[in-house]
Each structure stands twice: as C-alpha cells, then as structure tokens.
Amino acid sequence: MKRFFFFVLLPVFTSSIAVLAQAPVISFDTVISGLSQPIEVVHAGDSSGRIFIVQKGGAVRVYNKDYSFRRNFLVVTGISTLGEQGLLSLAFHPDYKNNGFLYVYYANSGGDLELARYRISANPDSVNVASRVILKTIPHPTNTNHNGGELHFGPEGYLYLSTGDGGGGGDVPNNAQNTSVLLGKMLRFAVDTTSVAPYYTVPADNPFGNEIFAYGLRNPFRWSFDRLNYDMWIGDVGQDRFEEVNHRRYDSTRGINYGWRCYEGGAAYNSSGCGPAANYTFPVYTYALPPTGGGSGSITGGNVYRGELYPDLKGYYLAADYTSGRFYKIKFDSVANTYDTSTQVVLPGGIVDFGETEEGELYATNLNNGRLLRIVSSGPVHYTFNGNGNWDIASNWMGNKIPPATLPVNCKIIIRPSAGGECVLNVQQTVPAGTEIIVENDKQFRINGNLTIQ
Ligand SMILES: [Ca+2]
Ligand SMILES: [Ca+2]
C-alpha cells in the first residue's frame, strides 16, 4: 500500500522468476459494489455467516452470507484518513459469540497507531460505540505512510498486529531493527488476562519482554494465518527494488528478524549496525520492482486457499500487487520445503486485502473501485449444499454457488444435510454422466422437481 496516490516510473529491472507450478487460472466475481474504499473483509467466527467490510474512512458494513446488506455495523471516529492512514483492520475475539469483543486498528486523529476494543450492543448488527477502550497507542510521528497493519488471533488466543516502520523511506530512524520500538514489527497481546486498563498483558514468552513478537518489517500491510495450521504469511512492502512474501511455520516465528532495513528482500539495503546475514530470515519469494513489463508497486499479502469450491486451488497462497494487478500463486510443499510460484495479471489493480468467509472461501477488496470480489478458479467446482432448504437459494450453498442448470463436466455435487430434519431439495437440474453426487452425514435427501442424469 505504498503508492495509493502516485506512480513512479523506475528503470526496468530484469528478474528471473521461475514459473514452476500449473496453478489454476483465477478470476473475480464482483459480489458487492458501491463501497467506499473497502480495505478489509472479515468474518465474526460466530456461525452467522455474516460478511464484514471495513472501509478506510472508518465505517464497517455488515452483509448477509448472500451479500445482501444488513446495516452499518460500526463507525470508528477520531481517526485520520490522510494518505495511507485510516481504519485498517478489524478482528473478532475467538469467543466473540459469548463475550462480544472486537478489536480495531487505525491511525488516530494525531496520526499515531492505535489498537482499540469495542463490544457489541444488544443488536447483533450494531456495535456499542461507547464501549471503546484503547489498548495501545504507538507513536508514529512525521509520516502518514507505513502504518501496517492487520489484526488476527493466533491459536493460543493471543492477538497479533503488524505495524509499519514509521514511514518516509529507508527507515531513517532504524525503527524496524530496534526491539524497544513497536514500529516495523509483528506484535502480540494477551487480551484475556485482565479486565482493567490497558486490557491486555504481554505474553510471558514474547521474546523481548514487550509486545514485540517478530521484527525487521518495513510495511507488513497485509498478512494472514493459514487456517489449517496457523503458518504465518506476511506480505512486506519493499522500498524501491523488491516486494516480498515471508512465510514461517507457526512454531518457528517467535523472535524472527525479517531483515529490514539491513535487507530489502534478499539484497543488502543499509548495513549500518547490521550483523551477519545468518541473523536474518529472508523472504520465501520476492519480485523485482517494477518487473519486466512494468507497473508493480506494492504487495498485498493474501491467504492460503482452504475453501471447498475449488479443489485445484487448495493449498495455494494468493497475493497481489496493488498497482500492477499481478497475482502471485505460491504453493508450499511442506515435505520438500519448496515454493512453486506462478503469476497472472487480473486487472484492474487496487487490491488491498484478501480475506476469508467462515466457510473458507476467499475474497478480495478493491480500494479504488469499491468492490468486494470473490476469487474464482478455472478448475473443477465442488458445489456443496449445507443444511436443509431449497436448492435454488444461494446461501444454502458453499460460497453462494448454486450449480448452474446444466453442469460443466468434472464437477461434483456434495449434499451435506444438517443433523436432524429432512433435506428437501426443490431442483431442476441436469448433470452430465459421470458427475459425482455425494451425500454426507449418513443422511437422505428428497427431491421436489427433476434431477436429470444425462
Ligand atoms: Ca525482509
Ligand atoms: Ca486479510
């Protein structure tokens, strides 16, 4: 998110990116439009299926699983939206369903970085704005850029937050390497240990006795946990030469130094005060800025696809360049410890976040054209029906994808009736010979209509 508002042409830098994997071709379905600078998409993990869209200006909008608008969920006030500032992230407490706590991260009216907690009101679609408490304010003087950041809860219930290095260029104060400054870091907070201000404590095994969990980051604007295994994937926005993707397994991330400003990607940047290269953890993937063909500017780190609709896409980490619209599809082989990467341009650019729904389907937000986009794969589709109800109601299907009247080949239909009750399907459906129809949970379903096997 380095270059929202301007574009700099640099000399062409030739890279040698090997294209190794036959990744599925991806495209977008626009599912919600007319948003105002949507900067993040998240879910509440409360089995409601609702989709929450965070807008840079401070509003959070809540939608039903079928993309119909419910209402404005929250407006965060007292923020600055200059340049890269604004409301940047929202995370729901893992036990949100019971305690109603949610956390937001933004630049406050003075430009400092702030982590705050709210609580839901009696209306499940409306936050009690008077409930706001500030957990942490991190001084971020001088510059409006490089704020980070994204919030996620880890498997141990701690809250993780990525912060930018303080901005400008070159990290002149050397914040990212300074383990007593909270800029240019992955931070970690224990939020369930106290009910009094500041509503968190430092986890006992944080490596430096403060909120820092890992360091040496420049602008880790977007990052994620792999929902399968909590591997940490960080997109770190580079200076002038390289954008980078960092990946560590969950149990090998604490205390890691990701290198900035000693290194930009794998290349030395400013060696003043730096130790030997072995002290630093280098990215698993970098791309030159701009690559041949031109136009890259800022990486938006994404997620590993763990959804069910597109079996060929499973296990791929997706990231995108904000400026070029170039997507990076990285498949990590945990046995060989290798990373196969392929690229694809999906225009227009403007992607500032990837996020999952509760069921694990992957979405992206486009800051510039105000859209929520569902990631679509060219590979086979597994249409999965959940619960009980009508075949032709989109929200009964995983990813809101109803099988088309005539299915393409190589698809599966998975019927997953919920426990109890009879699954009745009102259906007019023609399926090619050889299509697998799988009924799970040892249940039966009854068809009203025509299910024609060709
Ligand atoms: Ca780095
Ligand atoms: Ca995200």
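Strand β22 (residues 326-333) and strand β23 (residues 338-345) are joined by eight bridges and pair in the antiparallel sense. Strands here are DSSP runs of E with at least two residues, helices are runs of H or I with at least four residues, and both are numbered from the N terminus. Two strands count as paired if DSSP finds at least two bridges between them.

β22 and β23 form a hairpin, with four residues between them. In the turn, N337 has a positive phi of about 60 degrees.

## About the model

This is a predicted model, where local features need pLDDT of at least 70, side-chain atom pairs count only at pLDDT 80 or more, and totals for chains, interfaces and linings use all residues. Residues are numbered from 1 along each chain as its sequence is written, while chains are lettered from A and ligands numbered from 1 in the order in which they are written.

## The whole chain

The protein chain has one helix and 31 strands. Its radius of gyration, taken over C-alpha atoms, is 22 Å, close to the 22 Å that the globule rule gives for 454 residues, so the chain is as compact as a globular protein of that length. That rule is 2.2 Å times the number of residues to the power 0.38. Along its principal axes, the C-alpha trace spans about 70 × 55 × 40 Å.

Buried residues make up 45% of the 454 residues. A residue is buried if 20 or more other C-beta atoms lie within 10 Å of its own, exposed if 12 or fewer, and partly exposed in between; the C-beta atoms are placed from the backbone.

## An open sheet

Four strands form an open sheet in the order β1-β26-β25-β24, with antiparallel pairing. β1 (26-32) and β24 (351-356) are the edge strands, and each pairs on one side only. Strands of a sheet pair through backbone hydrogen bonds.

Inside this order, β25 (residues 362-366) and β26 (residues 371-377) run antiparallel and are joined by four bridges. Y363 stands opposite R374 in β26.

## A covered strand

Is strand β2 (residues 38-42) mostly covered or mostly open? β2 is mostly covered: five of its five residues are buried. β2 pairs with strand β3 (residues 51-55) in the antiparallel sense, over four bridges. Across this pair, V41 stands opposite I53 in β3.
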